[in-house]
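Dear colleague,

I am handing over the structure we spoke about, and it is placed directly below. After it you will find my notes on what came out of the analysis, grouped by topic.

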Amino acid sequence: MDTQKYVIRQISIFSENRPGRLAAIAHALGEEKINILAFSIAEANGFGVVRALVDHPEKAHDKLLSLGFNVAFTDVIAVKMKDQPGGLYEVAKILGDAGVNIEYSYAYSGKEGAVLILRVDMVEEAIQKIKTSGATLLERSVFH
Amino acid sequence: MRSWDPRIEEMPKEDLRKMQYKLLKSLVYRLYSFSPFYHERMKEQNVHPDDIRELSDVNKLPFMFKRDLRDNYPDKIFTSTQEELVRYHVSSGTTGKPTVVGYTQNDLDSWTTSLARALTSLGLGRGDVIQVSYGYGLFTGGLGLHYGAERIGATVLPTSVGNTERQIELMQDLGATAIACTPSYLLHIGEVAEKMGVDIRKDTKLRTGVLGAEPWTDRMRTRIEDWLGIKAYDIYGTSELSGPMFTECTEQKGFHIWSDLALVEIIDPGTGESLESGEKGELTITMLQKEALPMIRYRIGDITIMDDEVCACGRTHPRIQRIQGRVDDMLIIRGINVFPSQVEYALMGIPEVGQHFQIVVERKGALDDMLVRVELSKGSFSDKITDIMKVRQKVEHRLRNSLNVNVNVELVEPGSLPRFEGKAKRVIDKRSL
């Protein structure tokens with residue numbers, strides 16, 4: 001099975017914990033006509049990490065880098081969830097049963113239902129298990 | 001020649017101290033009796049010349065600061081009349097009003113003697129051609145070195161600063177064996193020479209650099225020596241003492257401070273208490289023979305360490321190490337002296353962070369709180385929060401080990417800390433004391 005088509009490139013941006021930083025990032029992406037499909041902010045003591053799925057990750061990466069931001073690519077996967085009670089449980093259980101650890105995750109509820117973005121320790125393993133369990137993984141081409 | 005004046009330079013320490021005591025005693029009597037400024041200062045400190053009964057009693061005398069000269073601009077605390085003066089020098093006044101220094105003929109002679117000993121100690125003498133590329137004029141560097149070099153019988157090439165290509169041509173044509181200038185100007189000369197196709201090593205006779213008037217490091221010394229094939233010596237002084245006065249000898253282990261001219265103390269800049277030799281503190285100098293502008297316990301603001309052992313060269317006078325920082329930059333955090341240069345040094349060894357930093361000091365409750373803000377390097381960011389936390393812990397750990405004080409570290413985005421073209425201002429002290 002070609003698992004690579006399910007690996008999505010997320011951009012992560014190091015950000016100081018002070019007003020205006022998210023605005024600066026969002027403004028830069030808007031200027032480049034880059035669409036943000038999903039994002040989250042993780043907060044630690046004194047700093048944060050902004051994570052986003054965008055339609056043009058390379059362009060976003062280069063733009064932010066040129067502005068002096070610390071930017072990195074990270075591989076994540078996206079799973080379709082039922083937008084109803086128990087939807088998250090189904091996906092989480094598949095991974096839990098398979099012994100795959102979720103490092104972090106965030107979700108969005110789009111036009112075609114809810115999507116869970118996952119950063120896991122074993123990407124290949126996770127993709128295999130989710131596919132065989134019958135759940136739907138979104139392909140990279142959906143995002144970029 | 002080994003020493004310019006072996007009788008003085010190699011005098012047993014005990015005899016040197018006796019000489020210093022006599023000079024100090026007569027200086028204090030003279031100032032107390034004839035100078036309203038010094039008389040007033042000693043009264044305020046509740047000290048009388050009779051209280052000076054041994055050399056260590058110098059620490060009963062009041063301190064002098066740069067501001068004493070500024071406040072008394074231009075010549076209010078001179079102890080000679082204008083008729084007795086033979087020269088003025090004026091400092092550039094980068095940190096405020098300029099300061100004026102006046103010299104009697106004896107003052108110029110002492111200064112020149114000091115440099116004659118110093119230049120001899122680093123191997124220069126008759127037969128040498130010394131190119132003086134310090135500025136001539138109000139600045140003390142050019143004229144000071146000029147007279148010192150003439151006194152030892154060397155031939156002076158008084159090029160002053162500027163017109164670098166011509167300096168290099170003259171260096172070649174007249175066979176300069178030594179150059180006196182700032183280390184940064186010598187680097188510039190080296191670069192211009194390369195562009196002109198002149199190899200300082202092969203195409204000139206240059207073998208000695210007498211470099212000072214700005215701080216420089218041992219790393220820079222190695223670079224200059226390896227690149228230009230010369231021995232590079234540091235020279236120390238400031239216009240308040242007369243000008244550049246003291247150099248390293250060929251051992252390159254600190255400046256010899258001539259005891260008959262200057263009495264050195266190292267003090268704790270916080271408390272003003274005298275420190276032992278070997279301890280780091282603020283350089284404080286009493287000029288024992290100056291006539292026009294005596295300096296008593298003058299706190300120069302430079303941080304160094306005194307070494308009172310007899311030097312391998314045979315000279316008995318105490319030495320001070322190369323200058324390690326400025327008191328103005330020093331912070332006292334929970335009673336511990338902290339220098340921004342220590343922070344800089346610790347950060348240099350951590351590739352995950354950049355070299356720019358900012359120190360923010362606040363008082364939280366009764367305690368000082370020191371925060372170091374430093375930029376997370378590009379390439380050391382990996383999306384993982386735990387990785388970033390580890391970098392921060394590593395920086396905190398290193399700083400704590402080298403400063404002996406607890407430090408909080410904040411990682412900031414690359415390029416977000418202020419950059420400085422001139423003198424960096426890296427400390428924000430929010431404590432209101």
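Predicted model: local features only at pLDDT ≥ 70, side-chain atom pairs only at ≥ 80, totals over all residues.

A:Lys33 sits in the loop that runs between helix H1 (21–31) and S2 of chain A, and its phi is positive, at about 55°, although the residue is not a glycine. Most residues other than glycine have a negative phi, and most peptide bonds are trans.

B:Asn404, which is not a glycine either, has a positive phi of about 60°, and it lies in the loop between H12 and S19 of chain B. With 13 other C-beta atoms within 10 Å, B:Asn404 is partly exposed. The other place concerns a peptide bond: B:Tyr73 and B:Pro74 are joined in cis, with an omega of about -5°, and B:Pro74 belongs to the loop between helix H4 (66–71) and strand S1 (87–90) of chain B.

On confidence, the predictor assigns the complex an ipTM of 0.85 and a pTM of 0.71. For chain B the average pLDDT is 93, and 97% of the residues score at least 70.

Turning to chain A as a whole, it holds 5 helices and 6 strands, and these follow one another along the sequence in the pattern β-α-β-β-α-β-α-β-β-α-α. Its C-alpha trace spans about 45 × 30 × 25 Å along the principal axes. The radius of gyration of chain A is 16 Å, which agrees with the value near 15 Å that a compact globule of 144 residues would have. Buried residues account for 33% of the 144 residues in this chain, and among contacts between residues at least 6 apart in sequence, 68% join residues at least 24 apart.

The strands of chain A form an open sheet of 6 strands, ordered S2-S3-S1-S4-S6-S5, with antiparallel pairing. Strand S2 (36–44) and strand S5 (102–110) of chain A stand at the edges, and because each has a single partner strand, one side of each is left without a neighbour in the sheet. Neighbouring strands of this sheet are turned by 30° against each other on average, with direction ignored. Within the sheet, strand S1 (residues 8–16) and strand S4 (residues 71–81) of chain A run antiparallel and are joined by 6 bridges; A:Ile8 stands opposite A:Val76 in S4(A).

What from chain B packs on this sheet? The answer is H12(B), which touches S2 and strand S3 (47–54) of chain A, and whose direction makes about 35° with that of S2(A).

The end of chain A also comes back to this part of the fold in a way that may interest you. A:Arg140 lies in helix H5 (residues 140–143) of chain A, and A:Arg140 and A:Arg9 are 131 residues apart in sequence but 8.0 Å apart in space, C-alpha to C-alpha. Leaving aside residues up to four places away in sequence, A:Arg140 touches A:Lys5, A:Tyr6, A:Val7 and A:Ile8. A:Arg140 counts as partly exposed, because it has 16 C-beta neighbours inside 10 Å.

As for the contact between the chains, it takes 15 residues from chain B and 14 residues from chain A. On the side of chain B that touches chain A, the elements giving two or more residues are helix H12 (385–403) and strand S19 (408–412) of chain B. By class, that side of chain B has 8 nonpolar, 3 polar and 4 charged residues. B:Asn404, described above, is in the loop between those two elements.

Chain B, finally, has 12 helices and 20 strands, and its C-alpha trace spans about 70 × 65 × 40 Å along the principal axes.

Terms used. Residues numbered from 1 in each chain as written. Chains lettered and ligands numbered in written order. Contact = placed C-beta atoms within 7 Å. Helix = DSSP H or I, 4+ residues; strand = E, 2+ residues; numbered from the N terminus. Nonpolar A, V, L, I, M, F, W, Y, C, P; charged D, E, K, R; others polar. pLDDT = per-residue confidence, 0-100. Pairing = 2+ DSSP bridges. Axes fitted to C-alpha atoms, helices over the stretch in contact; angles between N-to-C directions. Rg over C-alpha atoms; globule rule 2.2 N^0.38 Å. Buried ≥ 20, exposed ≤ 12 C-beta atoms within 10 Å, placed from the backbone.
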